[in-house]
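Here is a short note for someone opening this model for the first time. Please read the points in order, with the structure beside you.

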Amino acid sequence: MTLDKNRLTIAIQKSGRLSDESQTLFKLCGLTLNLTDRKLLAHVANMSIDIMLVRSSDIPGLVMDGICDLGIVGDNTLQEHALQRQLTLEANDFNKICSLKFGGCRLSIALPQEMQYHGVQSLNGLRLATTYPRLLNRFAQDNGIHIDITKLNGSVELAPRVGLADGICDLVSTGTTLEANGLKEVEVIFKSKAALIKGPNRLSEAKQATLDTLLPRIKGVLKARESKYIMLHAPKDKLNEVTSLLPGSETPTVLPLAERDDRVAVHMVSTETIFWETMEQLKALGCNSILVMPIEKMMG
Ligand code: ATP
């Protein structure tokens, strides 16, 4: 299969931490995907889109060079690649269309547990191993320190144990891998999430029309993930207090309850997580039958 110039091409990670979430996002957007392990280019049956499955580290280049129209990649990979291209004077233009709210992690410096740390100056002159030398170098320059950087493409956390470096600069989400390797996180140098990016070229009319359909769907899926549909019964005279506990519920639907003049049913979309504490506060105000439900899709 070759690329059709009228179909929007989107590069996503073939396998790894961002691949499942990227595919799920497209499925929730209504795209019919037929992705098998061996396929590197997949036609979307019901929209004019081709999905290219590649290594995460190749995505910024493919998008910046206009081989793919769009890509889903971590901010960390994107910024590292852009800094590298800046250095080699290669084209490094891209537009970040939106942050996708998955793949969250931080690029952090970690040192052996037993090593003393008294702030950034303690890093001066240290040898650190990382997959992100440009981001680490920018951090060193911004802080006026010198770091001796060793580039590694994987198993970075082993470097101090085998004497390759004093510490590391690597991606962290929970911190358990660091802990398991006797390391402590001392500085967060970059925070990252997956992002939808677009190359510098103007899209053809046909591709732009496809993007104009896809983008509101992506935004709708992201908004729905953050939002909850809430239904409850509330005392009529406590309505203002009830809605003020629920962020994003400025215009709730208020419905009468059969044979009850003093109570109403309230339905609303809340844009923030509802914690047990909030539900307990609602109950204390006299609410009952409190239901908090996930929303699958949202538009408008
Ligand atoms: P590839 O091999 O596809 O070029 P990779 O080796 O970076 O990429 P993964 O380890 O799957 O592949 O990571 C992909 C992306 O997932 C990272 O670049 C980062 O944006 C995100 N991510 C989220 N949490 C973590 C984490 N704890 N460790 C590493 N990456 C994470």
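Which domains does the domain assignment of the chain give?

1. The assignment gives domain 1 (8–103 + 194–224), domain 2 (105–191) and domain 3 (228–294). Such bounds come from an automatic or database domain assignment. The model is predicted: local features need pLDDT of at least 70, side-chain atom pairs count only at pLDDT 80 or more, and totals for chains, interfaces and linings use all residues. Residues are numbered from 1 along each chain as its sequence is written, and side-chain values use heavy atoms, with hydrogens and water left out.

2. Take domain 1 and domain 2 next. Their centres, taken over C-alpha atoms, are 29 Å apart. Nine residues from domain 1 and nine residues from domain 2 make the contact (heavy atoms within 4.5 Å).

3. Now the largest pocket. It holds about 1200 Å³ of space. A pocket is an open set of points on a 1 Å grid over the protein atoms alone, where a 1.4 Å probe fits, with protein on both sides within 12 Å along at least five of seven lines; lining residues have an atom within 4 Å of a point. The volume is the space filled by probe spheres set on the points, which are joined across faces, edges and corners.

4. The largest pocket is lined by 41 residues, and R17, N76, T77, Y132 and L171 are the closest to its centre. Domain 1 and domain 2 each give the lining at least three residues. Helix 3, strand 9 (167–172) and helix 5 (176–180) each supply at least two. The largest share, six residues, is from helix 3. Helices (H or I, at least four residues) and strands (E, at least two) are DSSP runs, numbered from the N terminus.

5. By class, the lining has ten nonpolar, 21 polar and ten charged residues. Ala, Val, Leu, Ile, Met, Phe, Trp, Tyr, Cys and Pro count as nonpolar, Asp, Glu, Lys and Arg as charged, and the others, Gly among them, as polar.

6. Helix 3 (residues 75–87) also meets helix 4 (residues 133–142): their axes come within 8 Å and cross at roughly 80°. Helix 3 is therefore roughly perpendicular to helix 4 (65 to 115 degrees). Axes are lines fitted to C-alpha atoms, for helices over the stretch in contact, with angles from 0 to 180 degrees between N-to-C directions. Helix 3 brings N76, Q79, E80, L83, Q84 and L87, and helix 4 brings P133, R134, L135 and R138.

How values were computed: Parallel < 35°, antiparallel > 145°, perpendicular 65-115°, else oblique.
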